[in-house]
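Student: I have a model open and would like to learn how to read its features. Can we go through them one by one?

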Amino acid sequence: QVQLVESGGGLVQAGGSLRLSCAASGSFGSINAMGWYRQALGKQRELVATLTRGGTTNYEDSVKGRFTISGDNAKNTVYLQMNSLKPEDTAVYYCYALIRRRFGSSWDDYWGQGTQVTVSS
């Protein structure tokens with residue numbers, strides 16, 4: 001069983017900062033990538049940022065320069081530092097991981113339960 005446990009969401013005023021954390025636990029072989037997606041009310045889930053095991057990052061255009069993704073491979077943890085938050089960043093943020101349960105098995109998607117981020121104007 002693989003679990004992704006998120007923390008760090010909350011309510012913040014526009015211009016403020018929040019830091020999200022996500023730790024993967026359970027029985028698995030290796031993680032290829034971790035990241036964050038978000039879903040605002042009435043909208044589709046969208047990519048925010050991803051980080052590969054090798055350190056390659058990818059960001060959605062609207063968060064570039066404001067959000068920073070980082071990770072700790074030894075702890076199977078990914079972080080999202082969010083600065084200069086805007087009301088349009090309000091959404092449920094979901095942790096994502098691409099995990100292989102054992103050597104030679106397929107790579108599968110795993111999701112956290114989501115954490116609410118609300119930015120007031």
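Tutor: We will take strands, a cavity, aromatic rings and one loop in turn. Keep in mind that this is a predicted model.

Student: Let us start with strand 9. How many of its 10 residues are buried?

Tutor: Buried means under 20% relative accessible area. In strand 9, nine of the 10 residues are buried, so the strand is largely enclosed by the rest of the structure.

Student: Which strands pair with strand 9, and in which sense?

Tutor: Look for bridges between strands. Strand 4 joins strand 9 through nine bridges, and the two run antiparallel. Strand 11 (residues 115-120) pairs with strand 9 over three bridges in the antiparallel sense. For that pairing, go to Val-92 and its bridge partner Gln-116.

Student: How do strand 7 and strand 8 pair?

Tutor: Strand 7 (residues 67-72) and strand 8 (residues 77-82) are antiparallel, with six bridges between them. Ile-69 stands opposite Leu-80 of strand 8.

Student: Next, cavities. How many of 30 Å³ or more does the structure hold?

Tutor: It holds one. The space in this largest cavity is about 110 Å³. Strand 4 (30-39), strand 5 (46-52), strand 7 and strand 8 are the elements that each give two or more residues to the lining.

Student: Which strand gives the most to that lining?

Tutor: Strand 4, with three residues. The lining includes Ile-31, Met-34, Arg-53 and Asp-72. Asn-76, the hairpin residue with positive phi, also lines the cavity. By class, five lining residues are nonpolar, five polar and two charged.

Student: On to the rings. How many aromatic pairs are there?

Tutor: Three. For each pair, read the distance between centres, then the angle between planes. Planes over 60 degrees apart count as edge-to-face. Tyr-37 and Tyr-96 are edge-to-face, at 5.7 Å centre to centre and 65° between the planes. Tyr-37 sits in strand 4 and Tyr-96 in strand 9, so sequence distance is worth checking: they are 59 residues apart. Both Tyr-37 and Tyr-96 are buried. Tyr-37 and Trp-111 are also edge-to-face, at 5.1 Å and 75°.

Student: Why does the pair of Tyr-37 and Trp-111 tie together separate parts of the sequence?

Tutor: Tyr-37 belongs to strand 4 and Trp-111 to strand 10 (residues 107-111), so the pair links parts 74 residues apart in sequence. Tyr-37, Tyr-96 and Trp-111 form one aromatic cluster.

Student: Is Trp-111 buried or partly exposed?

Tutor: Trp-111 is partly exposed, with a relative accessible area of 36%. The charged end of Arg-45 sits over its ring, 4.7 Å from the centre. Elsewhere, the charged end of Arg-19 sits over the ring of Tyr-79, 4.1 Å from the centre.

Student: Last, where is Ser-27?

Tutor: Ser-27 is in the loop between strand 3 (18-26) and strand 4. Its relative accessible area is 49%, which makes it partly exposed. Ser-27 and Ser-17 are 10 residues apart in sequence, and their C-alpha atoms are 33 Å apart in space.

Note on methods:
Residues are numbered from 1 along each chain as its sequence is written. This is a predicted model: local features need pLDDT of at least 70, side-chain atom pairs count only at pLDDT 80 or more; totals for chains, interfaces and linings use all residues. Side-chain values use heavy atoms; hydrogens and water are left out. Two strands pair if DSSP finds at least two bridges between them. Helices (H or I, at least four residues) and strands (E, at least two) are DSSP runs, numbered from the N terminus. On a 1 Å grid over the protein atoms alone, a cavity is a set of points where a 1.4 Å probe fits but cannot get out, and a pocket is an open set with protein on both sides within 12 Å along at least five of seven lines; lining residues have an atom within 4 Å of a point. Grid points are joined across faces, edges and corners, and a volume is the space filled by probe spheres set on the points. Ala, Val, Leu, Ile, Met, Phe, Trp, Tyr, Cys and Pro count as nonpolar, Asp, Glu, Lys and Arg as charged, and the others, Gly among them, as polar. Rings of Phe, Tyr and Trp (its six-membered ring) pair if their centres lie within 6.5 Å; planes under 30 degrees apart count as stacked, over 60 as edge-to-face and the rest as tilted. Buried means under 20% relative accessible area, exposed over 50%, partly exposed in between (1.4 Å probe, protein chains only). A charge sits over a ring if NZ of Lys or CZ of Arg is within 6 Å of the ring centre and within 35 degrees of the ring normal.
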